[in-house]
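User: I am new to reading protein models. Please take me through this one by question and answer.

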Amino acid sequence: MSRTRQMRRHAHKMRRHGLQPVVIIDRDDKFPDVAAVLVARALWRYRSELAPVYLVAVLAISGAVLHVVHPEWWPWLLGAATVAAWALAIFGERVGLVRRIERLYAAAVTMSGGAWLTAATALGVTFQPLPQILVCGGSVLAVPWWAHRRRRAKVRVDRQIAAWPEIAQAVGLPGSRAQSAVADVWGWRARFALARGQTIQDVMAKIPAIESALGTFRGAVRVSPTRDEKANRFELRVLDTDPHADAIPWPGPSVSSITEPIDLGPFEDATSARVLLLRRHGLIGGVAGSGKSGGINVLMGNLSACRDVVIWAIDLKRGMELQPWASCIDRLATTPEQAQAMLRDAVTVLEARAEWLTANGRRIWDPTPELPALIIVVDEYAELADDAPDAAGDTDSIARRGRAVAVTLVAATQRPTQKAMGKGAVRSQMDVRVSFRVRERKDVDLILGQGMLNAGWHAHTLNAPGKFLLSAPEHDTPRRGRAYLLTDATVAETAERHASIRPALDEVSRRALDEARQTAPSVPVTPSRDDRAETALTEALQGAPDEGLPVAHLMMLTQMSRPTLYRRLAELVKAGHAVQVGRGRYKAADHAR
Ligand SMILES: Nc1ncnc2c1ncn2[C@@H]1O[C@H](COP(=O)(O)OP(=O)(O)OP(=O)(O)O)[C@@H](O)[C@H]1O
């Protein structure tokens with residue numbers, strides 16, 4: 001059997017098994033048609049890179065033909081080239097030349113090509129030194145073309161889109177097809193239609209395979225539903241560079257009321273990850289060093305800017321994380337006993353508020369500065385469950401009944417296992433979940449909820465501290481965000497600035513707490529209005545110099561926490577017993593001059 005026949009049989013066999021034959025060319029066997037096809041394909045495939053060569057060839061051939069047929073056309077050619085170059089420079093934006101430099105380049109190429117064609121038509125292509133000018137000029141003008149970033153990006157996208165049918169077949173999504181694609185600053189985006197019966201979840205499960213098939217780096221591919229939410233469409237994003245590569249400084253609070261959604265940081269498309277915390281419990285998870293505390297700082301920066309929320313906090317790492325915010329925190333518990341007492345009080349508040357709502361014929365507690373929401377931020381929730389197991393009943397009550405009365409929990413923990421979250425229903429009541437990087441895939445479901453890993457919430461692939469996935473009623477698709485970063489100086493400065501606007505607990509809650517204390521005096525509590533401190537404050541204000549006493553000084557004399565002091569000062573000023581003399585300086589209204 002001849003070699004050619006052997007090869008054909010082999011190819012036939014491969015096709016029967018669904019395999020593509022490999023074309024092998026050697027000197028003995030001539031496949032002129034195949035070789036021509038391969039060359040033509042390459043010329044087409046690399047048409048963008050070869051465009052300058054094609055243009056030079058077209059100019060040379062046109063010049064030769066025009067010189068023979070219509071050498072007298074040269075003035076018209078020159079005029080046409082000038083008008084075209086001028087039009088491109090002025091109106092080039094309409095044909096997609098968005099940048100000025102691109103319009104100037106297009107005008108320069110048109111004018112140079114037109115001028116050369118004019119000369120070649122009049123004088124002939126071989127007229128010296130026209131051939132040299134064509135080759136040298138063509139080479140010089142080709143350099144910006146070859147170097148142009150947007151063109152190269154577009155070519156790459158086109159190639160990958162053209163290869164999609166094969167990729168789709170290889171990754172197990174046969175029949176899906178690209179509908180449109182654009183190159184953007186970070187890489188490219190394309191909209192795809194799915195074959196019958198395929199879902200976006202199927203695509204998400206295939207992300208690692210798609211990354212491999214496209215030859216990108218790990219973590220470069222994002223899959224999301226399209227804006228029209230069609231079940232048989234999806235958007236694919238492929239990143240060349242990570243938009244979240246650098247830390248993003250906090251731009252300051254995005255809210256002034258708890259009724260507004262808080263901006264945690266930008267998603268990869270630069271839109272804000274905004275989430276509402278009113279009447280919602282939150283869970284923040286992630287391994288040590290993944291940026292949980294950073295996330296809590298963003299939260300605290302925003303919560304402390306809200307005049308209609310009282311912040312209580314539990315930080316059993318001896319207040320290390322939340323201490324810098326102490327001036328904005330109404331109550332800070334740093335021991336298991338204090339934490340337990342605080343949660344007990346939170347339940348007292350919630351019950352009193354519920355009663356008050358019923359008595360006033362209202363259904364929900366609408367936060368205002370006079371009737372503020374109460375948010376309890378718990379750092380390292382697991383330690384609370386370990387060290388204060390008796391508090392489990394209270395956290396459970398808050399989780400189940402806190403929403404209507406605006407008493408909510410925000411818990412941060414490394415792994416919210418059932419043990420860490422206590423026995424009750426706390427975790428299932430958390431509507432806002434923020435997952436920073438987790439160590440194991442199964443932790444995704446622990447933090448974000450059952451089935452989320454399979455639905456494409458790949459928190460284990462987050463590759464830098466501060467990167468997070470956000471699940472909330474208004475965020476139901478996995479999009480990567482990066483939390484803003486607050487430096488220690490920003491935290492200190494923000495806490496100082498916001499300390500003066502912190503509201504006090506409302507009358508209803510305060511009265512309930514006072515009553516609870518009287519009936520159960522053994523419960524250890526942090527007194528908010530200690531009599532001795534009150535006396536010390538009155539005396540200090542009375543004895544203040546004309547320019548008043550600074551808050552730091554008053555804090556030292558009264559031993560009050562900063563928020564309590566500010567609250568009392570605001571009350572005294574309102575009642576006409578004290579006056580604010582300057583920035584952060586106070587004295588008694590009737591003090592001896
Ligand atoms: N949003 C962010 N952007 C950039 N870098 C960040 C961000 N958040 C945290 N980091 C960096 O990561 C480091 C660890 O972050 P952080 O202390 O918040 O982690 P953590 O999850 O709270 O860890 P631990 O549980 O040990 O407290 C920080 O020192 C900081 O440099």
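Predicted model: local features only at pLDDT ≥ 70, side-chain atom pairs only at ≥ 80, totals over all residues.

User: At what angle do α3 and α5 pack?

Analyst: Helices (H or I, at least four residues) and strands (E, at least two) are DSSP runs, numbered from the N terminus. Helix α3 covers residues 47-69 and helix α5 residues 100-123. Axes are lines fitted to C-alpha atoms, for helices over the stretch in contact, and angles run from 0 to 180 degrees between N-to-C directions. The two axes lie 8 Å apart, at an angle of about 30°.

User: Which word describes how α3 lies relative to α5?

Analyst: Angles under 35 degrees count as roughly parallel, over 145 as roughly antiparallel, 65 to 115 as roughly perpendicular and the rest as oblique. The angle here is about 30°. So α3 and α5 are roughly parallel.

User: How many residues in the contact of α3 with α5 are charged?

Analyst: Residues are in contact if their C-beta atoms, placed from the backbone, lie within 7 Å. Leu-55, Leu-59, Ser-62, Gly-63, Leu-66 and His-67 of α3 meet Gly-113, Trp-116, Leu-117, Ala-120 and Thr-121 of α5. Ala, Val, Leu, Ile, Met, Phe, Trp, Tyr, Cys and Pro count as nonpolar, Asp, Glu, Lys and Arg as charged, and the others, Gly among them, as polar. The contact has six nonpolar residues, five polar ones and, as for charged residues, none.

User: Which residues of α6 meet α3?

Analyst: The α3 side includes Glu-49 and Pro-52. By class, the contact of α3 with α6 holds nine nonpolar residues, one polar and one charged. The α6 side consists of Leu-134, Gly-138, Ala-142, Trp-145 and Trp-146.

User: Which residues does the cis peptide bond join?

Analyst: Pro-129 sits in the loop between α5 and α6. Its cis bond has an omega of about 0°. The bond joins Gln-128 and Pro-129.

User: In what order do the four strands of the open sheet run?

Analyst: Two strands pair if DSSP finds at least two bridges between them. β1 (177-183) and β3 (221-224) each have a single partner strand, so they stand at the edges. The pairing is antiparallel, and the order is β1-β2-β4-β3.

User: Which residue of β2 stands opposite Arg-177?

Analyst: β1 and β2 (residues 187-193) run antiparallel and are joined by six bridges. The residue opposite Arg-177 is Ala-193.

User: Which term describes the packing of α8 and α10?

Analyst: Helix α8 (residues 164-171) and α10 pack with their axes 10 Å apart, at about 140°. The contact uses Ile-167, Ala-170 and Val-171 of α8 with Ala-209, Ile-210, Ala-213 and Leu-214 of α10. These residues are seven nonpolar, no polar and no charged. The angle of about 140° therefore makes the pair oblique.

User: Which strands does α10 lie across?

Analyst: Helix α10 covers residues 207-214 and runs at about 130° to β3. The strands are β3 and β4 (233-239).

User: In the sheet of eight strands, which strands stand at the edges?

Analyst: The order is β10-β9-β11-β12-β8-β13-β14-β15, with mixed pairing. Two strands have a single partner each, so one side of each is left without a neighbour in the sheet. They are β10 (331-333) and β15 (480-482).

User: Which residue of β13 is the bridge partner of Leu-283?

Analyst: β8 pairs with β13 (residues 430-435) in the parallel sense, over five bridges. The partner of Leu-283 is Arg-433.

User: Which helix gives the largest share of the shell around the ligand?

Analyst: A residue is near a molecule if its C-beta atom, placed from the backbone, lies within 6 Å of it. Of the 14 residues around the ligand, Gly-291, Ser-293, Gly-294, Pro-465 and Gly-466 come nearest. The shell divides into five nonpolar, seven polar and two charged residues. The largest share, three residues, comes from helix α11 (residues 292-303).

Methods. Residues numbered from 1 in each chain as written. Contact = placed C-beta atoms within 7 Å.
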